[in-house]
Amino acid sequence: MGDVVSYSREGEIAYITVNNPPVNALSLPVRQGLQQCFQQFAADGEAKAAVLICDGRTFIAGADITEFGKPPQDPWLPKVIHEMEALDKITIAAIHGTALGGGLETAMGCHYRCAVASAQVGLPEVTLGLLPGATGTQRLPRLIGPKAALDAMVSGRPMPAKKACEAGAIDKIVDGDLKAGATAFAKELLAQGAKPRRLSEEVVDTSGIDEHFFAEYRNSVAKSARGFFAPEQIIKCVEAAVSMPYADAVKRENELFMECMMSPHSAAQRHLFFAERACSKIPDVPADTPLREIKKVAVIGGGTMGGGIAMNFANAGIPVVLKEINPEALDRGLDIIRGNYDATVKKGRMSPEAMDQCMGLISGALDYAGIGDCDLIIEAVFENMALKKEIFGELDKVAKKGAILASNTSTLNIDEIAASTSRPEDVIGWHFFAPANVMTLLELVRGAKTAKDVIATSLAMSKKIRKTAILVGVCFGFVGNRMFFPYQREAGLMMLEGVPAERIDKVAYDWGWAMGPNGVADLSGLDVLVKVKNEWTERPDDPTLWVIIEKLVEQGRLGQKTKAGIFTYSGRAPVPAPETAAIAKAEAERLGVAQRTDMSDEEIIERLMYSMINEGALILDEGIAIRSSDIDVCFVHGYGMPRYRGGPMQYADSVGLDKVLAAIEKYRARYGDTNWTPAPLLVKLAKAGKTFAEWSAAKG
Ligand code: 3H9
C-alpha cells in the first residue's frame, strides 16, 4: 500500500487517512490505497466503524484532473466507491476544507458524513466540462432531491457545510477537532445500532417535481449554459436517476461522462483550470519574493474606469482615494460609484451595510498632495501619452518612497511613461478591462526596468481584489488589444465586402463570443477606437483599416453612448443600421474592394479567429506573453470568449496548426501580405506537427 492512504485503529474505530498533498486528489495510488484500506477494515475483526479523514488543508478535492484525457487506469473511482458502500460495517466521512467532485462522491459512498462548519462540499465538474461521473449524479439527488442536486451540479457552486447539513448532504456538523468529533459521531451511531445507509438502495424523492420539471429546468438554465456541453449531460443523468433503476442509471452516467471527457469542451475547460493557475508563475520572479506593503491606494481620474477600479479595492476592504481635478468631476465620479453599489444592493447581491462600508473606504482628493501617503497609485485618465507623462512627472514629486506607480493604459508604452519619473523601477502597467469592477482580467505590463518586487506585489494584490492577472511585455496594445485589433480589422473588412454587420455579430455570437465584434466596438466607443488608431504610430499600411468606424464617428455615431454607432440602439438592443451599410458600400467603391455574396459562416469565423491567432504567434515569439495559456486566460477573462473554446491559442491547437496555417495562406493569396503573412512561429510549429502549448512547455 502506498503512503498516500493509511490504515490505523483505536479501539473499535478504524481510521483511513488520505495524505496526498496539495489537495488530496484521487490519483491512481489514492484509489488503490482506498480500496486496500477499506478491504483491511472489512477484514479487521476488532473494527466496528471506519472514519475516512484527510491530512493537510482539505478533504479530497476531486479526481486528479491531470489523469483526464488519458486512458483510465483501474481501479476506476466508481468501482472503489461501490465497494466501500457495499461494506456491512458503517463508514463515516470526516470533512474539512473542500470536498469537491470525486471527493464528495467518495464521501457519499460512505454511509454517513460529518464536517467542520468551515468546510464546503460541491460537485464542480461542470466547470471542467464534465459531469460527476463517479455516481455523483445518482447519489446527490437521493440525498437532497433532484432540484437541489441539479442546481448544485449545473452551477458547480460549492455549498457551505451548514447549508449542506440543512439540505441533507451532511449528517452532522462537528465543533472543534474533526477527528475527535468524527470519532464521537461514529460511537454515537454504533450506540444507536445504526446500519449502513446505502444511497444506491434508496429511490429519488420525486414528490417535488412534475412532468414539466425537466423542460422547465432546461429553459431556466438556457442562458447561463448557452453553448456548453456538460450541463445538458448532467440534466440527462438526473432524468435517468428519477426514471431508471440505480444500476442502469449509473451505466448511463458513465456513458454520458465519457462523452463529456472526449469532448473538445472539456479539453478546453481543463486547459483553463491549469492556465489560470500557471499565469501567476513568473519564471524570473521567485514565489518567495518579498512583497511591498499596500495599505492605501489612490486612483487618478474618477471617470467610469477610475471609479470601477476604486470599487475593486473598497470591495477588498482597502482604503482608496479618488483624485480628480475639480469638485464637480469628483462628485460626479463618487456619484457613479454610489450608483453602481446602489444597483447591486437593489439586485439583492449586497447588503446596505456592506455598501456603506465600501463607500466609507472611498475618499476624494483634488490635489496630488492628498495622495502622497498611498502605497499604490493607479493612473486612469484617457489614452494620451503627453497627459500620462505629465501625471507621472507629478506623481514622482509627491509619491512616498517605495510606492508603486501604475498606469491603466490599454495600449501605450510603459517604458516611455516610466521615463518621465526618476524611479522607473516602481512603474508598471495595470490594465483593467471595462467595466473594471466586473471584468476579472488584469494585464500587468512589465517595463524594461520594473522591479521584481513590484511585479510580485502586483500579482498578489490582483488576487486580493479577485482579478486573474497575466504579466505581459511592452508593445502597442499589449496582448489583449494587439490581438483584438486584427479581429476588429477583419470585421470591418468583411463589412466592406458587403457582409452585414449583424450577420458577422450573429456568427461570432453563435460560435460562443458573449458579443460580436461590432457590438463590442459600439460598447467601447467608436471615438475611442479612432483615438487609439491615431496613437498607433506603427500601424499597418492599410487604407481599409477601421475606415467604416472613422466615417461613423464623423457622422456623430459614437456607439452605444450616442444610441448610434455601427448599430442603432433602442435601449441596449442593437438594430441594423442602414447608415452603416451605406458607408460600407460607398467606401468599398472608393477603395476598390470587391463585393462578396458567397461568404460562408466558416470563413467569417476563420478570418476573425485566425487573424487574431496569427498575431498571438508573433506575440509569443517576441516574448510579450510568457506562455500561450496566458493569452487564453486573457481572452476568456477580458473579452468574453467562451470557456469551452479554451482561448484563442488553445482553440488553434485543437483545430491543428497545419489547418490554421493552410487557411491563412489561402487568405494571403486572396488579400495579400499586409494582413496575412503567417507568423514564423506558426509556420515552424505547423511544419513540426507541434502545438503552441507544447512549444510553451518546452520553453519552460
Ligand atoms: C472529478 O472529480 C471527476 C469525478 O466526478 C469523476 C471521476 C471518474 N487534480 O487551486 P489551487 C492542483 S473532476 C489535480 O491553487 P486553492 C492545482 O493545479 C474534479 N491537481 O489551491 C495547484 O497546482 P500548482 C473535481 C489539482 O487552495 C494545486 O493543486 N474537483 C486538483 O486555491 C493547488 O490548487 C475540482 O474541480 C485536482 N483535482 O484551491 C476541484 N485540484 O500548485 C479542483 C487542485 O502546481 N480544485 N490541483 O499550481 C479546486 O477547485 C481548488 O484547487 C481547491 C483549492 C478549491 C481544491
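Colleague: What relative accessibility does Arg-197 have?
Modeller: This is a predicted model, in which local features need pLDDT of at least 70 and side-chain atom pairs count only at pLDDT 80 or more, while totals for chains, interfaces and linings use all residues. Residues are numbered from 1 along each chain as its sequence is written, and side-chain values use heavy atoms, with hydrogens and water left out. Arg-197 is placed in the loop between α7 (178–192) and α8 (213–221), where helices (H or I, at least four residues) and strands (E, at least two) are DSSP runs numbered from the N terminus. With buried meaning under 20% relative accessible area, exposed over 50% and partly exposed in between (1.4 Å probe, protein chains only), Arg-197 counts as partly exposed because its relative accessibility is 27%.

Colleague: How many Å apart in space are Arg-197 and Met-108, C-alpha to C-alpha?
Modeller: Along the sequence, Arg-197 and Met-108 are 89 residues apart. In space, the distance from C-alpha to C-alpha is 10.0 Å.

Colleague: Which elements give two or more residues to the shell around the ligand?
Modeller: The ligand sits in the second largest pocket. A pocket is found on a 1 Å grid over the protein atoms alone, as an open set of points where a 1.4 Å probe fits, with protein on both sides within 12 Å along at least five of seven lines; a molecule sits in a pocket if more than half of its atoms lie within 2 Å of its grid points. The elements that give two or more residues to the shell around the ligand are β5 (98–100), α3 (102–109) and α11 (264–278).

Colleague: Which element gives the most to that shell around the ligand?
Modeller: By class, the shell around the ligand has 17 nonpolar, five polar and six charged residues, where Ala, Val, Leu, Ile, Met, Phe, Trp, Tyr, Cys and Pro count as nonpolar, Asp, Glu, Lys and Arg as charged, and the others, Gly among them, as polar. With three residues, the element that gives the most to the shell is α11.

Colleague: How many Å separate a polar side-chain atom of Lys-281 from an oxygen atom of the ligand?
Modeller: Of the 28 residues around the ligand, those that come nearest are Arg-57, Glu-105, Glu-125, Arg-277 and Lys-281, a residue being near a molecule if one of its heavy atoms lies within 4 Å of it. A nitrogen atom of the ligand is 2.9 Å from a polar backbone atom of Ile-65, and an oxygen atom of the ligand is 2.7 Å from a polar side-chain atom of Glu-105. For Lys-281, the distance from a polar side-chain atom to an oxygen atom of the ligand is 2.5 Å.

Colleague: What percentage of the accessible area that the ligand has on its own does the protein cover?
Modeller: Accessible areas come from the Shrake-Rupley method with a 1.4 Å probe. Of the 1,000 Å² that the ligand has on its own, the protein covers 74%.

Colleague: Which residue's backbone oxygen does the side chain of Asn-24 reach at 2.7 Å?
Modeller: Asn-24 lies in the loop between β2 (13–18) and α1 (28–43), and with a relative accessible area of 2% Asn-24 is buried. The side chain of Asn-24 reaches the backbone nitrogen of Asn-20 at 2.6 Å. At 2.7 Å, the side chain of Asn-24 reaches the backbone oxygen of Thr-58.

Colleague: Which side chain does a polar contact of 2.7 Å join to that of His-637?
Modeller: His-637 is found in helix α25 (residues 628–638) and counts as buried, at 12% relative accessibility. A polar contact is a pair of N or O atoms within 3.5 Å; within protein, one must be able to donate a hydrogen and the other to accept it, and residues adjacent in sequence count only if both atoms are side-chain atoms. At 2.7 Å, such a contact joins the side chain of His-637 to that of Thr-440.

Colleague: Is Arg-466 buried or exposed?
Modeller: Arg-466 lies in the loop between α17 (452–464) and β17 (468–472), and its phi is near 60 degrees, a positive value in a residue other than glycine. Its relative accessible area is 71%, so Arg-466 is exposed.

Definitions and conventions. On a 1 Å grid over the protein atoms alone, a cavity is a set of points where a 1.4 Å probe fits but cannot get out, and a pocket is an open set with protein on both sides within 12 Å along at least five of seven lines; lining residues have an atom within 4 Å of a point.
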